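Biologist: I'd like to learn how to read the aromatic rings in a model like this one. Could you walk me through it?

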Amino acid sequence: MKEKLKNIVDTFHKYNSEHMAAQAFGFSEDIVYDALVVAPSFTPYKLGMDNTCKVTTLKEGAYIGGYLVEKDGLNIAWIKIGSSAGNLIDHMALCAELSIKKLIFIGAVGGLKPEFNLGDVCTPSYSVSGSYADTYLMKDSIKENMLFTKVFPDMDYVDTVIDIGKTKGYDIRKASVFCTPSIALEYSHLDEIKSFDTDLIEMETSSFYLMTDLFEVPGIALLVVSDNSASGAALVGRNEEQQKQYDYGRAVVLPDMILTLSKG
């Protein structure tokens, strides 16, 4: 863990209570977790992981939930959070109290170019930060404007994950991502967003990789294409074939990759 993250956690404790990961999500500081899964809206039940793993609901609230996924000696901590950079930063910061070997972000992503089909599983080559929340992580002063900075993952680890996916028959695609602070308003700014020439659009991966750097553990974002404004595949109102493709990426590829990566 980098000193900056230690300072974030210590300062948060100064004004709030300690053991926040236990209070918010039900996790134990005595367990070394093989992975922490960070998932806006997705639960392990939604991905069908309770069919092959022991899944325990530790805490569940209106907007967040904590789950323990166990299989063959693995202990995977799973947090369901709300969408947006701010939600991700806050809840990952709480989990800095825990011992974690790997970080895995999973979520839905929209396509900005027609060659991306519903159900494709992608991972960022870089993420353009479109949220002011990232400035709190990038700079000591929040007066500095860091909007639209490119945030890069550890490409060696990204390539390793892609190679692991290939051995299992999965084509995990490397693609650039624009991180938007609003889903409803992105449509009225699509032309401007497309001027950044990214392949995909979602909300959190720039923040995830900034936090991963602070945690100093391997981390990967796995994104399932849920819609595509360039090809006319809508987020709401998929046809039967589109839903089948999306469900394969979400409920087959993601759970298998989570377990495989957690094994290390």
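Modeller: Rings of Phe, Tyr and Trp pair if their centres lie within 6.5 Å. Keep in mind that this is a predicted model. Here, Phe25, Phe27 and Tyr33 form one aromatic cluster.

Biologist: How many aromatic pairs does the count come to by this rule?

Modeller: The count comes to 10. Take Tyr126 and Phe152: their centres are 5.6 Å apart, with 50° between the planes, which makes a tilted pair. This pair links distant parts of the chain, 26 residues apart. Tyr126 is in strand S8, while Phe152 is in the loop between strand S9 and helix H5.

Biologist: Is Phe152 buried or exposed?

Modeller: Phe152 counts as exposed, at 51% relative accessibility. Tyr126, on the other hand, is buried at 15%.

Biologist: And how do I describe another pair?

Modeller: A pair of aromatic rings is described by the distance of the centres and the angle of the planes. For Phe178 and Phe196, those are 5.1 Å and 45°, so this pair is tilted. Phe178 belongs to strand S10 and Phe196 to the loop between helix H6 and strand S11, so parts 18 residues apart in sequence are tied together. Phe178 is buried at 5% relative accessibility, and Phe196 is partly exposed at 29%.

Biologist: Which charged residue sits over the ring of Tyr126?

Modeller: That's Lys150, whose charged end is 4.5 Å from the ring centre. Elsewhere, Arg173 lies over the face of Phe116, 4.2 Å from the centre of that ring.

Notes: Residues numbered from 1 in each chain as written. Predicted model: local features only at pLDDT ≥ 70, side-chain atom pairs only at ≥ 80, totals over all residues. Heavy atoms only, no water. Phe/Tyr/Trp six-rings, centres within 6.5 Å; stacked < 30°, edge-to-face > 60°. Helix = DSSP H or I, 4+ residues; strand = E, 2+ residues; numbered from the N terminus. Buried < 20%, exposed > 50% of the residue type's maximum accessible area, 1.4 Å probe, protein only. Lys NZ or Arg CZ within 6 Å of the ring centre and 35° of its normal.
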